[in-house]
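Biologist: Could you take me through this model one feature at a time, giving the general idea before the particular case?

Modeller: Gladly; let us look at it together.

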Amino acid sequence: MLAISKRFSPLLLSHRRLFQTMPHQQQKVYDLQSDTATEPTDAMFDLMKSASRGDDVFAEDTTINQLESYVAQLLGQEAALFCVSGCMTNQLGLRVLLTQPPHSVLCDSRSHVFNYECGGIAYHSQASVSPVIPKNGHHLTLADVASNLITDTLCSPVTKVVSLENTLNGTIMPLDEIKRIRQFTKEKGLALHLDGARLWNASEATGIPLHEYGSQFDTISVCLSKGVGAPIGSMLAGSKENMQRARQLRKLMGGGWRQAGLLAAAAHHCIDTIVPTMSQTHALAKQLAASFESLGMQLTTPCETNMVFVDTARTGITVDDLYQALKQKNILIGPGPGTQTRIVLHYQITQHVIDTMVQVATELVEKRKLDPTPIVINQQQQQSVYPSSLK
Ligand SMILES: Cc1ncc(COP(=O)(O)O)c(C=O)c1O
C-alpha cells in the first residue's frame, strides 16, 4: 500500500510530469522549456485521417514518400528519409559517413551529437569525438576545424567527419563560414554532416533559403517536432545512395516503422503553415530578452532566434523565484537551482505570454530591491543543462 501511494504521490512526480498530467482542455499551460513542447492541433489530427496507409519499411507509403521528396528538394539534396527523432537522424547521418574504425568526428564542444545523444557516436559508429571550443565564442570557424583535425594515421583516430550544428543554442552559423569549411573538408577528403534540427529557424531569420545551407553537406538532419510543431519526426537528407543505406541502418536500429503516413501528413502541414511564422516567434524572443536585460539580467548567449539564455544573478532573484511565480500563471520554464536558465519560444507562445512573463519578472525584481540580501549560489548549483557559456 505504502509503495503504491509513494509511486503515485504528485510530490514525487517531476515538475514536467506534473504539468503534463493536467488535462489540456481544463488548463492551458505554456511550456517554454523547449520548442519540443508544442501541442498537436485538431487540424493535424484531421489531416491524419486522409493520410495514406502504406508500409514505410518498404518505402510504400505515398504520404511519406511525398514528404521525403518535398524535404529533399527544400534542402537541395537528392533524397530524404523520415525517422522518429533527431537523435536517430543524426546518428544515421553520421553512421553512413563513418565506414571503418579507427576514426573520429570533429564537432563543436556544445553540440547535441556530442553531449545529448547518449554517446551514440561511440555506440553506433565506433568513432571517438574531438569536441572543439570555438575561439570566437559563437561558432566553429575554418581555423578551429583546421587546427583540431586529427591526421596521424599510426596512433590516432583520424578525423573522417566534421559535424556542424545550426542553429546551436539558438545562434546562427554564418553561411560563408560553412562554405569555407565545406571547401576545406572537400580538399581533405572529409565528409560534412549538419545537425540542422533548427535549420528552419536559421533560414527564416536570415532569409537564406534552406537549400543554400543544405547543399553544403553530405548528410543533414532536420527536426519536425521542435519549432516546426509536428508531434513526431525528423528527416535525414543526402544522396540517394546514402539515404538507401540509412534506410537499412534505420531498420537495424529498430526504427523501421510501418504505417507512419499519418505522422508525415501532420509534419508536411506543419512545414507549410508553421515554419513561415517563425519570424514572429523570433521577434517575441528578442522582446523577452531585451525586457529581461532592461531589468538587469544578463544574456549568456546572444538571442538570434527562438532561445533566451539568461542569468538573473544581478537582479537578486533566482531562477527558482521566477519559476515559482510563473507557475502561478501557468507558464513553465526550466526550474532552478541557480541563476541561469534557457527559455525557448515556439509558435504557440503568444504576445500575451511574453507580456505576462515580463510583468512577473518586473514585480519580482522590484520586490527584491526592498530586500537587498545577496543571493548565494554555489557554482555547482548553476544549471548545467544546455551549457550556454564556453568553459
Ligand atoms: C540541436 C538538436 N539536435 C538533435 C536533437 C535530438 O532530437 P530528438 O529529441 O528528436 O531526438 C535535439 C533535441 O532537442 C536538438 O536540440
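This is a predicted model: local features need pLDDT of at least 70, side-chain atom pairs count only at pLDDT 80 or more; totals for chains, interfaces and linings use all residues.

Biologist: How many aromatic pairs does a search of the whole structure find, and how should I read the geometry?

Modeller: The search of the whole structure returns one aromatic pair. Planes under 30 degrees apart count as stacked and those over 60 as edge-to-face, with the rest called tilted. The rings of F82 and W257 have centres 4.8 Å apart and planes at 50°, and the pair is therefore tilted.

Biologist: Which parts of the chain does that pair tie together?

Modeller: F82 belongs to strand β2 (residues 79-83), while W257 is in the loop between α12 (240-252) and α13 (261-273), so the pair links parts that lie 175 residues apart in sequence.

Biologist: Are F82 and W257 buried or exposed?

Modeller: The cut-off for buried is under 20% relative accessible area. F82 has 0% relative accessibility and therefore counts as buried, and W257, with a relative accessible area of 14%, is buried as well. For the chain as a whole, buried residues make up 52% of its 391 residues.

Biologist: How do strands β9 and β10 pair?

Modeller: In a regular strand, side chains alternate between the two faces of the sheet. Here strand β9 (residues 298-301) and strand β10 (residues 307-311) run in the antiparallel sense and pair over three bridges. The bridge partner of T301 in β10 is F309, and the hairpin that joins β9 to β10 passes through five residues.

Biologist: Which residues of α16 are buried, and what covers them?

Modeller: An α-helix has 3.6 residues a turn, so residues three or four places apart point the same way. The buried residues of α16 include V353, M357, V360, L364 and R368, and their cover includes β1 (30-31), α14 (278-294), α15 (319-327), β11 (331-332) and β12 (340-344). Helix α16 (residues 351-369) has 19 residues and reaches 27 Å from its first C-alpha to its last, close to the 27 Å expected at 1.5 Å a residue.

Biologist: What share of the contacts in the chain with a separation of 6 or more comes from residues 24 or more positions apart?

Modeller: Such residues account for 74% of those contacts, in a chain that has 16 helices and twelve strands.

Terms used: Residues are numbered from 1 along each chain as its sequence is written. Side-chain values use heavy atoms; hydrogens and water are left out. Helices (H or I, at least four residues) and strands (E, at least two) are DSSP runs, numbered from the N terminus. Buried means under 20% relative accessible area, exposed over 50%, partly exposed in between (1.4 Å probe, protein chains only). Contact means heavy atoms within 4.5 Å. Rings of Phe, Tyr and Trp (its six-membered ring) pair if their centres lie within 6.5 Å; planes under 30 degrees apart count as stacked, over 60 as edge-to-face and the rest as tilted. Two strands pair if DSSP finds at least two bridges between them. The expected span of a helix is 1.5 Å times one less than its number of residues.
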